[in-house]
Amino acid sequence: MKKLYIKTYGCQMNVYDTERMVDVMAHEGYEVTETPDDADLVVLNTCHIREKAAEKVYSDIGRLRLLQDRRSKAGEKKSLLAVAGCVAQAEGAEIQRRAPTVDMVFGPQSYHRLPEMARQAGKITDQGARPRLVDTDLAVSEKFAALSRKSVSAGKSAFLTVQEGCDKFCTYCVVPYTRGGEFSRPFEDVMRDADRLNAAGVLEVTLLGQNVNAYHGRDADDQEWSLARLIRHLAAHTDFKRIRYTTSHPHDMTDELIAVHGEVAQCMPYLHLPVQSGSDRIVKAMNRHHTIASYLRTIEAIRAVRPDIALSGDFIVGFPGESDADFQQTMDLVRQVNYAQAYSFMYSERPGTPAAGREDQVESHVKSARLAELQAELDRGQRAFNDAAVGRVMTVLLEREGREPSQLVGRSPYMQAVHVDVGGRELAQKYLGQMVEVKIVSAGPRSLKGELSLT
Ligand code: 5AD
Ligand code: SF4
């Protein structure tokens, strides 16, 4: 068996893509290794969303180069090094110029060609030359067709990509350029994957897409399927106990989808609905296609049908032109909405995006101060949400082993991590992968502790 090491950066879409690459390379005789030290093929599945994420890739390449040098000195064969994902898509051959050790560069829509590229690169190295392969084609459908035939899944919780790319063009964001335009997979293709996961015993499925609630796949009769309709169909025709979806855009949160939260028991009470800023002036400059009032109306409508919904969001502080008053409106919005959890970032200038060229960039120390203030408030909200769970009994899907042999970790319906001591190593093996009732006994800033509830 040859050995494959993949490092994944960034979003869940990349996690999903990594799993697909592992599947596809398993058919080529590659098995996964946990370290690059003994790998025949190293793949960095990269993220370009913020500068830090992109820079991390170059420092990792630097470290891998030292490893390659050590291997050549010891007379061992070098591994093939591939840079995949969004940095590859955005920077293409530039990566090989900056980092000559890189043999292959391919974007998110070319994973299905990885086996062929690896074979070709292997032949070139056998002849003593360095391969320089670049594939940054953006045609999506071919990738899905090629990869989904082969995919297999382990575990009880699985991702299923239904939609990829984005047409929203928020003025700070690289996604429309790196992942390409919005693409919804055909209904039958999605169902084929869903049926396979269902047959494998998956209990929880998370439908993935950069703009997942904009899903509008067509079926063989050319009928359109909205995300709401797809979720209803999955709930009725599979044994999935839990259905989640991420990431959503406020503009695409239709009444039909909101109704699903009230009517479909399998649709979990958790929604990631990024707003980015609490200032109308800023969301307009971000080209977000919604206002703060329309965002709040959407949340009100969801809470009307599902009062216990846990809300999550993304925030950017220090977008060009953001004043103190704009930022305080973000703070007000956070206090008003009461997020169960959220992600927050300092604005990062991304080359090629409209906001990058603006003259009114916010100074870095101002951004840091705003981020700290916002994060303190978000942490406070998350802690309050977690504290409110203490004493409640919740269904938890015990997905993985914990730190102690008798401990398992799973998620509550609200996406909180719950650590459960099941009372012994054997019991842990018995309960792993099961959905159980858990009494929450204590709360921390990022997770809960619970015990099996026998009633
Ligand atoms: N700077 C900072 N944060 C960004 N995001 C996207 N682009 C940028 C950027 N240029 C954040 C947004 C988005 C999340 C995935 O990453 O909040 O919702
Ligand atoms: Fe980026 Fe905006 Fe599209 Fe989200 S909606 S992926 S932030 S362009």
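Predicted model: local features only at pLDDT ≥ 70, side-chain atom pairs only at ≥ 80, totals over all residues.
**Helices α10 and α12**

Begin by selecting residues 255-263, which form helix α10, together with residues 292-305, which form helix α12. The axes of these two helices come within 8 Å and cross at roughly 30°. Because angles under 35 degrees count as roughly parallel, α10 is described as roughly parallel to α12. The crossing of α10 past α12 is right-handed.

Next, display the side chains at this contact. On the α10 side, select Ile258, His261 and Gly262; on the α12 side, select Thr298, Ala301, Ile302 and Val305, which they meet. The contact of α10 with α12 is made up of 4 nonpolar and 3 polar residues, with no charged ones.

**Salt bridge between arginine 370 and aspartate 324**

Now turn to the charged pairs. The structure holds 31 salt bridges, and the stops below visit some of them. Select arginine 370 and aspartate 324, whose side chains meet in a salt bridge with an N to O distance of 2.9 Å. This pair links distant parts of the chain: arginine 370 belongs to helix α14 (residues 364-387) and aspartate 324 to helix α13 (residues 324-337), 46 residues apart.

Aspartate 324, by contrast, counts as exposed because its relative accessibility is 55%, and the threshold for exposed is over 50%.

**Arginine 335 and its partners**

Move along to arginine 335 and select aspartate 332 with it. The two form a salt bridge in which the closest N and O atoms are 3.2 Å apart. Both residues lie in helix α13, 3 residues apart, which is about one turn of the helix. Arginine 335 is partly exposed at 38% relative accessibility, and aspartate 332 is likewise partly exposed, with a relative accessible area of 43%.

Glutamate 377 is buried, at 12% relative accessible area.

**Final selection**

Methods:
Residues numbered from 1 in each chain as written. Chains lettered and ligands numbered in written order. Heavy atoms only, no water. Axes fitted to C-alpha atoms, helices over the stretch in contact; angles between N-to-C directions. Helix = DSSP H or I, 4+ residues; strand = E, 2+ residues; numbered from the N terminus. Parallel < 35°, antiparallel > 145°, perpendicular 65-115°, else oblique. Left-handed = near helix turned anticlockwise from the far one by under 90°. Contact = heavy atoms within 4.5 Å. Nonpolar A, V, L, I, M, F, W, Y, C, P; charged D, E, K, R; others polar. Salt bridge = Lys/Arg side-chain N within 4 Å of Asp/Glu carboxyl O. Buried < 20%, exposed > 50% of the residue type's maximum accessible area, 1.4 Å probe, protein only.
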